[in-house]
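Biologist: Hi, could you walk me through this one, and tell me what the words mean as we go?

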Amino acid sequence: MLVLNSFRRLINTQSISFQPRIRKLFIQVQETPNPNSLKYFPGKPVLGSGTRDFPSCTQSTSSPLARQLFRIEGVERVFFGPDFITITKNDDFEWAVIKPDVYATIMDFYSSGQPVVSEEKAQDLNKTCDEEDETVLMIKELLDTRIRPTVQEDGGDIIFKDFKDGIVRLKLQGSCSSCPSSVVTLKNGVQNMLQFYIPDVLGVEQVEDELDAVSKEQFDKLEQNIHNKEKSE
């Protein structure tokens with residue numbers, strides 16, 4: 001009987017020691033200068049390096065996580081950084097309503113083991129080309145070393161588009177794209193710094209991709225149609 005009891009205790013001890021340990025994801029949230037954008041840190045790599053912007057649901061086909069986040073009512077834009085996710089909401093929705101769904105979506109996604117994006121690497125839209133002149137290379141160097149790290153801390157990014165006739169054209173992404181202070185950031189921050197180091201720079205302009213504009217127009221039309229339908233009922 002003593003041997004049998006000892007054997008039972010051994011089995012019970014082994015079964016306890018081999019039970020899988022379930023660890024929950026600890027997600028931190030950080031406010032940004034844009035009241036409609038919040039920065040989420042899942043405690044795990046998101047892209048690892050680089051950034052990826054999803055201005056609308058129609059442009060999120062390459063990311064299973066972005067597609068799921070866009071299913072949340074009120075989510076207007078999704079942005080991925082190396083270790084964070086920026087969610088931008090619609091003005092008509094409160095964070096108190098959206099936050100729980102964002103938490104649950106991120107939790108479920110990381111438990112699924114799916115890749116954040118289908119491509120192996122995030123696109124680096126600021127990559128250099130051998131044919132670029134010295135001024136453009138200097139502009140990109142300043143953006144990458146002095147400006148982009150600060151912008152990414154606020155949950156967004158700034159992408160070089162072109163340089164023509166002394167004007168640097170830049171695209172704001174993530175929380176910065178719809179931030180009320182984005183114009184001030186461009187003029188007082190980015191423009192002043194570029195002009196200080198590069199005399200050829202006469203000014204800075206914010207641009208929007210044609211695809212972004214078309215997607216936003218289609219979304220606005222769809223939203224208006226839904227509103228009209230609800231009103232007629």
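Modeller: Let's start with E31, which stands opposite L38 in β2. Keep in mind that this is a predicted model, where local features need pLDDT of at least 70, side-chain atom pairs count only at pLDDT 80 or more, and totals for chains, interfaces and linings use all residues. Residues are numbered from 1 along each chain as its sequence is written, and side-chain values use heavy atoms, with hydrogens and water left out.

Biologist: How do you know that β1 and β2 pair?

Modeller: Two strands pair if DSSP finds at least two bridges between them. Four bridges join β1 to β2, running antiparallel, so by that rule they pair. A strand here is a DSSP run of E, at least two residues, and a helix is a run of H or I, at least four, both numbered from the N terminus.

Biologist: What makes β1 and β3 edge strands?

Modeller: The open sheet has the order β1-β2-β5-β4-β3. β1 (28-31) and β3 (52-54) each have a single partner strand, so one side of each is left without a neighbour in the sheet.

Biologist: Why is D108 called exposed?

Modeller: Exposed means over 50% relative accessible area, buried under 20%, partly exposed in between (1.4 Å probe, protein chains only). D108 has 52%, so it counts as exposed. D108 lies in helix α3 (residues 95-112).

Biologist: And why is D165 exposed?

Modeller: D165 has a relative accessible area of 66%, so it is exposed too. D165 sits in the loop between β6 (156-164) and β7 (167-174), and has a positive phi of about 55° although it is not a glycine.
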